[in-house]
Amino acid sequence: MSARSTLARAVASGAALAAILVVAAVVAHTAPSEEVWQAPMVVSGVLGERIGGRNIEATVDEVRVAETVTVSTGWSGTTSGVWIVVDASVSAVVDEFGARLGTANLVIGAATYSASERPDLGSIQGMGLTIGIAQSGPLLFEVPRSLLSTDAASAARIQLAISNDPRLDSLIVVTVDLTSIEIQRSIETGPIEWGRP
Amino acid sequence: MTTGALRAHQARGWLRRNAIALVAIIILFPTAIAITLTTEWGAYNQGRATQAVAVVMGDTADFGGARWTVESARTLDSASGAGRDARLPLGSDLMVVTIRVEPRPLDDADDADDAPSCSTQLVQLDGSTVARRWTDAGFSDISWVTAEGVETFCDSEIRTPYSLESLFVVPHATTGDLAIIVEVADQLPRFLQISLPL
């Protein structure tokens with residue numbers, strides 16, 4: 001075998017190796033990360049719209065802001081910030097096993113606020129869900145008052161999902177402008193209703 | 001010998017020298033994948049209700065150490081007087097299913113003193129797949145009084161025949177291919193599926 005052909009084979013091998021490395025680098029940099037391929041499946045909607053996911057159906061009826069809130073059980077909450085009161089109706093769609101409103105978040109910019117557990121049974125947070133028969137009632141979020149005047153508050157997102165880990169399942173998202181909502185001194189929320197017409 | 005013929009000869013030689021290893025790879029690689037998947041899938045499948053023992057309402061089924069017979073299945077409209085008394089949610093029906101349970105000694109001598117403990121569900125079938133699944137509404141916010149002497153859950157302490165009542169709150173006028181599912185933990189992946197004529 002001549003020195004020329006040996007050199008040609010070495011060059012070809014080097015080129016093939018380089019090509020393989022380039023392809024591997026492209027694949028490594030473009031392949032979806034675990035966070036992406038396990039991400040919730042977002043179903044977006046607007047206030048008053050009935051939004052359906054795999055095993056959750058929800059309507060966000062109204063969003064209010066107040067300094068104090070009294071819920072139907074008589075519990076009254078004070079806060080150094082403000083309360084964002086979200087009135088919503090939520091039901092399961094196909095399966096009641098383990099179905100509960102496990103995710104109820106308010107996302108403002110980079111901050112995520114979970115629905116307060118302080119009102120206990122005066123809120124639908126964490127409530128068990130039935131197929132096609134909605135639980136209707138308030139969700140309460142306690143947030144700093146200063147946040148309401150930020151740009152991020154003009155596109156706050158309400159997130160609802162059937163479990164506390166919505167990965168690879170439906171995540172209902174409703175965007176609201178919190179900056180346009182007048183802050184009330186106090187709010188009394190209505191009773192939680194099961195099967196509201 | 002030409003260069004091409006020489007290369008072909010060398011390739012055949014290489015294949016002959018490595019024949020055993022190549023055959024081993026061809027056999028062992030898919031075998032390893034199959035064993036791994038079978039083991040993983042099998043373990044996953046054993047804990048899930050996937051093998052139905054199907055009967056229809058009125059039939060008696062021997063399953064999980066007891067004889068099971070659905071005695072009755074009736075619905076109560078939330079708009080009716082009884083529905084209002086039961087404080088059913090608007091737009092719903094209460095489905096009341098009564099199952100006769102006759103415990104028998106299990107095959108396994110260690111469990112011979114225990115009657116089966118079970119869970120019941122209501123499903124709406126779409127062919128062989130479950131389209132919707134309701135869980136027992138015994139702890140729901142309704143006012144339903146179960147008749148005296150009727151049990152509301154499978155009690156493994158009861159060795160004599162008894163009636164088991166399961167409640168399901170479903171959207172009004174739910175129809176279709178409905179069935180009661182009875183799961184006994186140590187029988188999985190087998191489960192009892194009793195079709196309801198509703």
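**Note on the predicted two-chain model**

1. Across the interface of chain A and chain B, four residue pairs are in polar contact, both residues of each pair being at pLDDT 80 or more. By class, the side of chain A that touches chain B has seven nonpolar, two polar and two charged residues. Keep in mind that this is a predicted model.

2. Next, the extent of the interface. In chain A, 11 residues are in contact with chain B, and 14 residues of chain B take part. The two chains bury about 1,100 Å² between them. Of that area, 60% is on carbon and sulfur atoms. Three residues of chain A lose the most area to chain B: Glu96(A), Ile133(A) and Trp194(A). Together they account for 45% of what that side buries.

3. Which side chains meet in a salt bridge with a 2.7 Å N to O distance? They are those of Arg133(B) and Asp95(A). The rule finds one salt bridge across the interface of chain A and chain B. In general, side chains of opposite charge can pair when their charged atoms come close.

4. Now chain B as a fold. Its secondary structure comes to three helices and 10 strands. Along the sequence the pattern reads α-α-β-β-β-α-β-β-β-β-β-β-β. The radius of gyration is 28 Å, whereas the globule rule gives 16 Å for 198 residues, so chain B is more spread out than a compact globule. The C-alpha trace of chain B spans about 100 × 45 × 30 Å along its principal axes.

5. Two further figures describe the packing of chain B. Of its 198 residues, 35% count as buried. Take the contacts in chain B between residues at least 6 apart in sequence: 69% of them join residues at least 24 apart.

6. Gln124(B) deserves a look. This residue sits in strand S5 of chain B, residues 118–126. Is Gln124(B) buried or exposed? Its relative accessibility is 13%, so Gln124(B) counts as buried; the cut-off for buried is under 20%. A polar atom of the Gln124(B) side chain lies 2.5 Å from the backbone oxygen of Thr175(B). Not counting residues up to four places away in sequence, Gln124(B) touches a set that includes Thr129(B), Val130(B), Ala131(B), Arg132(B) and Trp134(B). The set also includes Thr174(B), Thr175(B), Gly176(B), Asp177(B) and Leu178(B).

7. Ser91(A) is placed in strand S4 of chain A, residues 76–91. Leaving aside neighbours within four places in sequence, Ser91(A) is in contact with residues including Asn55(A), Ile56(A) and Glu57(A). Also among them are Leu129(A), Thr130(A), Gly132(A), Ile133(A) and Ala134(A).

8. How many salt bridges does the rule count over all chains? The count comes to 10. Arg50(A) counts as exposed, because its relative accessibility is 60%. Glu57(A), at 25%, counts as partly exposed.

9. Arg118(A) forms a salt bridge with Glu142(A), with the closest N and O atoms 3.0 Å apart. This pair links distant parts of the chain, 24 residues apart. Arg118(A) lies in the loop between strand S6 (111–114) and strand S7 (135–143) of chain A, while Glu142(A) lies in strand S7. Arg118(A) is partly exposed, at 38% relative accessibility. Glu142(A) is also partly exposed, with a relative accessible area of 31%.

10. Arg167(A) pairs with Asp165(A) in a salt bridge; the closest N and O atoms are 2.9 Å apart. Arg167(A) counts as partly exposed at 46% relative accessibility. Asp165(A) is partly exposed too, at 35%. Elsewhere, Glu67(A), Arg145(A) and Arg185(A) are joined into one network by salt bridges that share partners.

Conventions: Residues are numbered from 1 along each chain as its sequence is written. Chains are lettered from A and ligands numbered from 1 in the order in which they are written. This is a predicted model: local features need pLDDT of at least 70, side-chain atom pairs count only at pLDDT 80 or more; totals for chains, interfaces and linings use all residues. Side-chain values use heavy atoms; hydrogens and water are left out. Contact means heavy atoms within 4.5 Å. Buried area is the accessible area (1.4 Å probe) that two parts lose on being put together, summed over both. A salt bridge is a side-chain nitrogen of Lys or Arg within 4 Å of a carboxyl oxygen of Asp or Glu. A polar contact is a pair of N or O atoms within 3.5 Å; within protein, one must be able to donate a hydrogen and the other to accept it, and residues adjacent in sequence count only if both atoms are side-chain atoms. Ala, Val, Leu, Ile, Met, Phe, Trp, Tyr, Cys and Pro count as nonpolar, Asp, Glu, Lys and Arg as charged, and the others, Gly among them, as polar. Helices (H or I, at least four residues) and strands (E, at least two) are DSSP runs, numbered from the N terminus. The radius of gyration is taken over C-alpha atoms; the globule rule is 2.2 Å times the number of residues to the power 0.38. Buried means under 20% relative accessible area, exposed over 50%, partly exposed in between (1.4 Å probe, protein chains only).
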